[in-house]
Amino acid sequence: MKKKVLIILGICGVLILTGCVKTNTDDINNKNNELKSHEVTYPSEMGDIPEFKAEKIVDATKDEDIHSTMVTYEGLKLEDAKKYLEDIKELGYSDGFEDIDNGEINFLGFKDDSQVTVSYYNDNFLTLSFIDDISKVKK
């Protein structure tokens with residue numbers, strides 16, 4: 001079980017660090033050669049994970065290969081991130097991994113066939129990753 005958890009955390013970490021999936025935050029208008037910024041909205045594919053409405057969403061991505069949706073918030077304080085994590089745990093996500101240390105949060109929780117990871121880092125960013133059915137993740 002620990003090996004599977006570490007593999008899934010590794011996949012999420014790679015996606016976070018490389019940014020290799022499509023993002024919908026910017027779009028280039030080729031006629032005027034201007035960069036247009038679009039408001040990023042909370043994706044409906046996040047299952048029962050509630051939107052953290054108090055902060056700005058800076059990125060929302062979806063990876064069809066691993067049935068994963070990821071949202072990154074900017075501007076959170078550590079205490080707000082801890083409270084949000086407690087809200088997620090109250091929904092029944094557990095039995096994974098939790099580490100809160102030195103101003104960072106790393107959490108992996110499971111509920112039924114769903115998985116959620118929560119990472120808080122750089123005293124500012126919170127990233128959520130949600131997989132709706134881990135049995136469909138390509139191996």
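How much accessible surface does the protein have, and what percentage of that surface belongs to carbon and sulfur atoms? The accessible surface comes to about 8,700 Å², and 49% of it belongs to carbon and sulfur atoms. The structure shown is a predicted model, and the legends below describe close-up views of it.

**Figure 1. Overall arrangement of helices and strands.** The protein contains 2 helices and 8 strands. Along the sequence, these elements follow the pattern α-β-β-β-β-α-β-β-β-β. Of the 139 residues in the protein, 35% are buried.

Figure 2. An open sheet of 6 strands is arranged in the order S3-S4-S8-S7-S6-S5, and its pairing is antiparallel. Strands S3 and S5 form the edges, each pairing on one side only. On average, neighbouring strands of this sheet are turned by 10° against each other, direction ignored. Strands of a sheet pair through backbone hydrogen bonds, in either a parallel or an antiparallel sense. Within this sheet, S4 and S8 pair in the antiparallel sense over 7 bridges. The bridge partner of glutamate 74 is phenylalanine 125, which belongs to S8. Helix H2 lies across S5, S6, S7 and S8, and runs at about 10° to S6.

**Figure 3. The largest nonpolar core.** This core has 23 residues, and those with the most contacts inside it are Tyr42, Ile49, Tyr73, Leu126 and Leu128. At least two residues of the core come from each of the following elements: strand S3 (56-63), S4, helix H2 (78-90), strand S6 (104-111), strand S7 (114-121) and strand S8 (125-131). The largest share, 4 residues, is supplied by H2. Leaving aside residues up to four places away in sequence, tyrosine 42 touches Ile49, Pro50, Glu51, Ile57, Val71, Tyr73, Tyr84 and Leu128.

Figure 4. Serine 68 is placed in strand S4, which spans residues 68-74. Is serine 68 buried or exposed? Serine 68 has a relative accessible area of 2% and is therefore buried, the limit being under 20%. When residues up to four places away in sequence are not counted, serine 68 touches Thr61, Lys62, Asp63, Ser129, Phe130 and Ile131.

**Figure 5. Two loop residues with positive phi.** Most residues other than glycine have a negative phi. Asparagine 102, although not a glycine, has a positive phi of about 50°. Asparagine 102 is found in the loop between strand S5 (94-101) and S6. Its relative accessible area is 71%, so asparagine 102 counts as exposed, for which the limit is over 50%. Aspartate 112 also is not a glycine and has a positive phi, of about 55°. The loop between S6 and S7 holds aspartate 112. With a relative accessible area of 74%, aspartate 112 is exposed.

Figure 6. Side chains of opposite charge can pair when their charged atoms come close. The structure holds 7 salt bridges. One of them joins the side chains of glutamate 79 and lysine 82, at 3.7 Å from N to O. Both residues lie in helix H2, where glutamate 79 and lysine 82 are 3 residues apart, about one turn of the helix. Glutamate 79 is exposed at 53% relative accessibility, whereas lysine 82 is partly exposed at 29%. A salt bridge is also formed by glutamate 86 and lysine 89, with the closest N and O atoms 3.0 Å apart. Because glutamate 86 and lysine 89 are 3 residues apart in helix H2, about one helical turn separates them. Glutamate 86 is partly exposed, with a relative accessible area of 36%, and lysine 89 is likewise partly exposed at 24% relative accessibility.

Figure 7. Within it, the side chains of lysine 62 and glutamate 64 meet at 3.7 Å, N to O. Lysine 62 is partly exposed, with a relative accessible area of 38%, while glutamate 64 counts as exposed at 54% relative accessibility.

Definitions and conventions: Residues numbered from 1 in each chain as written. Predicted model: local features only at pLDDT ≥ 70, side-chain atom pairs only at ≥ 80, totals over all residues. Heavy atoms only, no water. Buried < 20%, exposed > 50% of the residue type's maximum accessible area, 1.4 Å probe, protein only. Contact = heavy atoms within 4.5 Å. Core = buried A, V, L, I, M, F, W, Y, C linked by side-chain atoms within 4.5 Å. Areas by Shrake-Rupley, 256 points an atom, 1.4 Å probe, with all protein chains shown as cover. Pairing = 2+ DSSP bridges. Axes fitted to C-alpha atoms, helices over the stretch in contact; angles between N-to-C directions. Salt bridge = Lys/Arg side-chain N within 4 Å of Asp/Glu carboxyl O.
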